[in-house]
Amino acid sequence: MNEQLITLKQAPIIIYERIKAVGQQVETKIAELNLDNQLVTDETLKSAKNTRATLRKELAVFEEQRKFIKEQINAPYEAFEKAYKEHIKVHYDNADSTLKDKINQVENRLREDKIARIKEFFTELCLSQGIDFLIFERLPLNITLSASDKSLKEQVTGFVSEVSKGLQLIDSLNEPDEFKAEILTDYKQTLDITRAIQGAQYRRQQREAELQCIEAQRLAAEQARLAAERSEE
């Protein structure tokens with residue numbers, strides 16, 4: 001199976017000893033045109049276009065030779081590559097694909113089993129902490145086959161512990177139950193205790209400001225009414 005199956009009997013031979021000399025001739029010819037210092041005007045525009053066209057035609061001749069050499073060299077390799085892929089590589093690719101699918105099936109099952117174990121641990125931990133709103137999908141866990149159950153459970157424990165601390169903080173606030181309930185609602189959505197408290201405080205301030213505005217309007221209306229009554233006497 002490991003014998004030398006593919007051999008190169010003769011390396012491509014390209015004769016190009018004169019290419020350097022011809023290149024020097026081309027360089028000299030173009031240098032004599034003094035293109036950098038050549039001023040193209042309305043009068044010399046046609047001449048400049050003709051010079052460019054001539055140079056492009058000369059290059060096209062060289063390009064045809066280069067492309068022909070490339071095609072002749074590439075043709076046997078392309079034929080060999082096609083046969084190689086058709087008769088050898090395809091079998092290895094198919095085998096690799098088959099094994100990959102079978103390996104993925106087992107690894108996916110192992111990962112799903114691990115997720116189930118960690119989720120069960122999370123559920124039991126939440127029950128023990130009296131947390132009934134937290135869902136497993138909110139945990140920032142990357143459950144891979146290489147991650148140990150111990151490390152994942154430690155992450156779960158740390159996360160649930162922080163949530164429990166947030167709940168305890170809300171409960172310890174010296175605030176009316178209605179206000180703590182408002183904070184709790186925000187906290188369940190954000191799991192950010194600082195943001196939840198600040199949001200509830202801001203809304204309370206807004207409500208108080210609205211009440212003060214309403215009361216000020218009421219007092220102003222009452223004063224206007226009394227003033228009107230006095231003027232009628």
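Residues are numbered from 1 along each chain as its sequence is written, and side-chain values use heavy atoms, with hydrogens and water left out. Because the model is predicted, local features need pLDDT of at least 70 and side-chain atom pairs count only at pLDDT 80 or more, whereas totals for chains, interfaces and linings use all residues.

**Helix α4**

Helices are DSSP runs (H or I, at least four residues) numbered from the N terminus. Helix α4 comprises 14 residues, 177–190. From its first C-alpha to its last, α4 reaches 20 Å, close to the expected 20 Å at 1.5 Å a residue; the expected span is 1.5 Å times one less than the number of residues.

Burial is assigned by relative accessible area with a 1.4 Å probe and protein chains only: buried is under 20%, exposed is over 50%, and partly exposed is in between. In α4, the buried residues are F179, K180, E182, I183, D186 and Y187. They lie on the same side of α4 because they cover an arc of only 155 degrees around the axis, the arc being that of the directions from the helix axis to the C-beta atoms. In general, an α-helix has 3.6 residues a turn, so residues three or four places apart point the same way. The exposed residues D177, E178 and Q189 are carried on the face of α4 turned away from its buried side. The cover over the buried residues of α4 includes α3 (149–172) and α5 (193–232).

**Individual residues**

L191 follows α4. Both N34 and L191 have a positive phi without being glycine.

S164 is placed in helix α3 and counts as buried at 9% relative accessibility. Apart from neighbours within four places in sequence, S164 is in contact (heavy atoms within 4.5 Å) with Q129 and I131.

**Nonpolar patch**

A nonpolar patch on the surface is formed by I14, Y16, I19, F68, I69 and I73, which together have about 570 Å² of accessible area. Such a patch joins nonpolar side chains (Val, Leu, Ile, Met, Phe, Trp, Tyr) within 5 Å, from residues with over 30% relative accessible area and no salt bridge. A salt bridge is a side-chain nitrogen of Lys or Arg within 4 Å of a carboxyl oxygen of Asp or Glu. Helix α2 (residues 45–129) supplies the largest share of the patch, three residues. Y16 lies in the segment before α1 (19–33) and counts as exposed at 53% relative accessibility.

Technical notes:
Helices (H or I, at least four residues) and strands (E, at least two) are DSSP runs, numbered from the N terminus. Patches are made of residues with over 30% relative accessible area and no salt bridge: like charges are joined within 9 Å, nonpolar side chains (Val, Leu, Ile, Met, Phe, Trp, Tyr) within 5 Å. Accessible areas come from the Shrake-Rupley method with a 1.4 Å probe; for residues, only the protein chains shown count as cover.
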